[in-house]
Amino acid sequence: MSLGTPEHDIAEPAREHSRRRFLTFLVAAPTLAVAARIGADGLAPASAQAAVPSLPAPAEILDLGDALILAAAPTANLIVVTVDETGRVGLALPRAEVGQGITTAVGMLIADELDVGLDQVDVTLADARPELVFNQLTGGSNTIRSVYGPVRAAAAQARARLLAAAAARWGTAPSVLSVSAGVVTGPGGRSATYGELSAAAADPGLSVVLATPKPPSAATLVGTPTNRVDARRMVTGQMEYTLDLDVVPGALPTMVRRPPTINGTVRSVQNEAAVRAMPGVVDVVTVATGVAVLAETFGQALAGKEALEVTWGPGTVDGESNATIQQKLRAATLPFVVPPLLTTTVDAEFDFAMVSHAPMETNSAIADVRRDRAEIWSGLKSPIVAQQTIAAELGLPQSAVTVHVTQGGGSFGRRLFFDAALEAARISKAAGKPVKLMWSRIDDMRHGRARAASFHRIRATVAAGQVLTFEHRVASGETDTKHGLGEILTAVAASLPVGGNLSFAQTIFLTTVHSPYQLGATTHLLNEVPLQMHTGSWRSVYSANTRGAEEVLIDEIAAKLGKDPVTFRREFLKSDRFRAVLEKVVTEGQWGRSMPRGTAQGIAFHAEYKSCTACLVEVDATDPRAPRVTRATIAADVGRVINPRGLESQLIGGLTDAIGTTFRAGLHIDAGLPLEGSYSQFHYTRQAESPLRTSVFVVPSDGEPGGAGELGVPAAVGAVANAYARATGTKPRSFPINFPVDFDPFPR
Amino acid sequence: MPNYTFQLNGETVTVDAPADLPLLWALRDKLGVTGPKYGCGIDVCKACTSHLDGAAINPCVTPTADVAGREVTTIEGLAGTWSDDPDELHPVQEAWLERDVAQCGYCQPGQIMAAVALLRRTSNPTDADIDAIENVCRCGSYSRIREAIKAAAARM
């Protein structure tokens, strides 16, 4: 309902639909929620420790998630809960589900607020809704943080309308009614289902007061470990990812032959006629990114595209390799600002290779482009920007392009980019046919997105048992944020706690990265090197590398001061909230227990997204070239937890990412192209490399929910690297640690 | 194009396909059976893992001609190999639900089919047996996969 004043609401009649629904819109709560949270963590009273205090960093005052919430606030009241005549409750969520369990968690919020079972709630993924402006981007571990207020408010108002309708029907006051499992019960044993009340509840003339969401103490489902609502479809093969959809009759399986170097161009195709004559091949068209083969099956499209003989123009990074990129990053690293002190310093430099997102479902989209309209299906985390871009590309008004968001087979940041949807639209237009576009795995790793390489220079000065200064300079390949995030930051620029002429990247860096320790004068600076490669935010963006490297250095500073890694962290962490999480893994993970030679424990801590986590792992590095994390203990405080079981999944996923990228998984850029083309070459963690024992502990907390989706990575990177360092007696400086080209690359 | 007839999830099907067309595409693009997923096409990621005469195969590298006259089971037909009750799942699927294994879910049909094949070879798999499953889970759900396999083994 569009709320003119807080005393009134207006139900809107449902748009055309097979069943009558009533709709309720709500309210500008999240702005208040943000304001209440500003500074809550970093400015908590420091307990009586001897550490030299640090000034709050920008990210401790207002972080990237706050910026996303602020940008979404003006349209938060466009989030709509529906109740239909069968009593089913629905919400078309303007976010992407890519495995993070968000439809389950949001369903739990709605179920609790409306007093219905989770099985009565349908959370679907909204099409691109341009009227939402900045409120349809999935990233920054921000979905729960940004929808927690609006979804609960909308559901609470829906409940109030249903109770008002029942009260009117029975001539009683709403306050004497009760609800259970979607059935309203009143005096004298009268009862009515939500379905029976939905039409009356939709009457704009109904008098309803503004409802407020229930307090956490009234929760029945929220906070309880709950299994995924979509799991049964997944384990029976019924879950439909983009290319499983049968939505456009005659849409042709399509694959693209891509250039031998990143951003290479098509000059000419030598054997188009021969490829057109291959079995099953229907059409061959050239687009900006390569040569597309449309066929009856993907197998035939793949055979066709591999048979193509193409003359290519140069790409944009043909002269680059890992070594040249590393040199450029070192040269671009900004200087430290603290003048040299007559004290001991702890210095280190770290290199991190590029890392593919490599979601299991490769880049894919369905496109049906007609003369006057287009329809797109793809797993999209920024569907509005996709719609705008595709419309401009096709020369159509934005309103003529319908963009459907499908459930994605993993993302890790990848699906912020809509390059498959754009490419599919171009191919469909060029061929005059609907297409189902699938990228090959090789192309997905070589021409897809990746985390940019980064170089880190860190210096701490220590004296008299204290850390006086801590400076960290990061040089990174440019991370592409042209998926709407830059516009969001521009829109909320006045609210950001960073000033000056910062780039989007520097703004993101400073609103995400901060040290959780009191390390005296602390400075963080990022400089990005423009390399025209396909990069993108990778789970935890800058933090995996930046904070991972810092956690390695924390162990080395502790050693310099003669302190145990846990003792140091205990003394220098900024808050008791942080210490509680650390102590949980120390206890549960048995820190300090005797370990055989060649094995060791490692520990690390990370705070971001208004949440914090500690990770303690045990590594067997008896063979330093084939280390294994044998046991992992993780604790997290994420504020109010919606679904502890989903939180555990996210933290386990972050740990698995950290194991892979710390030990073996990265990309070798060679003459303008990654050598890696499959999981036999890009060594993401497999079962044989995952811990035999993993324990996750949720530290009880209250307040607004923090973010969790990316939280687990940075601490686990630090813990795994620190355990390896202690097991082998080495100082890890280059990641992945074991990174030979141990394969024969596929042809270009 | 030649026709190939085989048993697919308990039913006889005939598909018109080139002999060397990988079975994955005969299943997905010609028969509309989309449970087996493409993840690499070269028998590396194992996302398409299905069963041929009860043993694990990877349809992305299995020529369609090779399955003529044989019995192919995909994730869609797994429950039917266990029970005639259409509402009943295979115990491995049930274990996957109990442990809430799936995150994005894309690899899980292949993970489940690999686990069932393992349990057919050895009813009480060791950690080393489970480690030998090479199916990639990019979401990193391995610890729950391990727990689910052990739970299913105990139940079966």
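In chain A, strand β7 (residues 183-185) is joined to β8(A) by 3 bridges, and the two run antiparallel. One residue pair shows the link: T185(A) has S191(A) in β8(A) as its bridge partner. The model is predicted.

How many strands form the open sheet, and in what order? There are 3, in the order β6-β7-β8 (chain A), with antiparallel pairing. β6 (178-180) and β8 (191-193) of chain A are at the edges. Each has a single partner strand, so one side of each has no neighbour in the sheet. From one strand to the next, the twist averages 25°.

## Helices across the sheet

Two helices of chain A lie across these strands. Helix α5 (residues 143-170) of chain A lies across β6, β7 and β8 of chain A. Its direction is at about 45° to β7(A). Helix α6 (residues 194-201) of chain A lies across β7 and β8 of chain A. This helix runs at about 80° to β8(A).

## A helix pair in chain A

Now take helix α11 (residues 383-394) and helix α12 (residues 419-431) of chain A. Their axes come within 10 Å and cross at roughly 25°. Angles under 35 degrees count as roughly parallel, and α11(A) and α12(A) are therefore roughly parallel to each other. The crossing of α11(A) past α12(A) is right-handed.

Which residues meet here? From α11(A) come A386(A), T389(A), I390(A), E393(A) and L394(A). From α12(A) come A421(A), L422(A), A425(A), R426(A) and K429(A). By class, this contact of α11(A) with α12(A) has 6 nonpolar, 1 polar and 3 charged residues.

## Domains of chain A

The contact between them takes 14 residues from domain 2 of chain A and 12 residues from domain 3 of chain A. On the side of domain 2 of chain A that touches domain 3 of chain A, there are 7 nonpolar, 6 polar and 1 charged residues.

## Where the chains meet

The contact between the chains takes 46 residues from chain B and 50 residues from chain A. Which elements of chain B give two or more residues to the side that touches chain A? They are α1 (23-30), α2 (75-78), α3 (91-98), α4 (108-121), α5 (127-131) and α6 (142-155) of chain B. The residues on this side of chain B divide into 25 nonpolar, 13 polar and 8 charged.

Conventions:
Residues numbered from 1 in each chain as written. Chains lettered and ligands numbered in written order. Predicted model: local features only at pLDDT ≥ 70, side-chain atom pairs only at ≥ 80, totals over all residues. Contact = placed C-beta atoms within 7 Å. Helix = DSSP H or I, 4+ residues; strand = E, 2+ residues; numbered from the N terminus. Nonpolar A, V, L, I, M, F, W, Y, C, P; charged D, E, K, R; others polar. Pairing = 2+ DSSP bridges. Axes fitted to C-alpha atoms, helices over the stretch in contact; angles between N-to-C directions. Parallel < 35°, antiparallel > 145°, perpendicular 65-115°, else oblique. Left-handed = near helix turned anticlockwise from the far one by under 90°.
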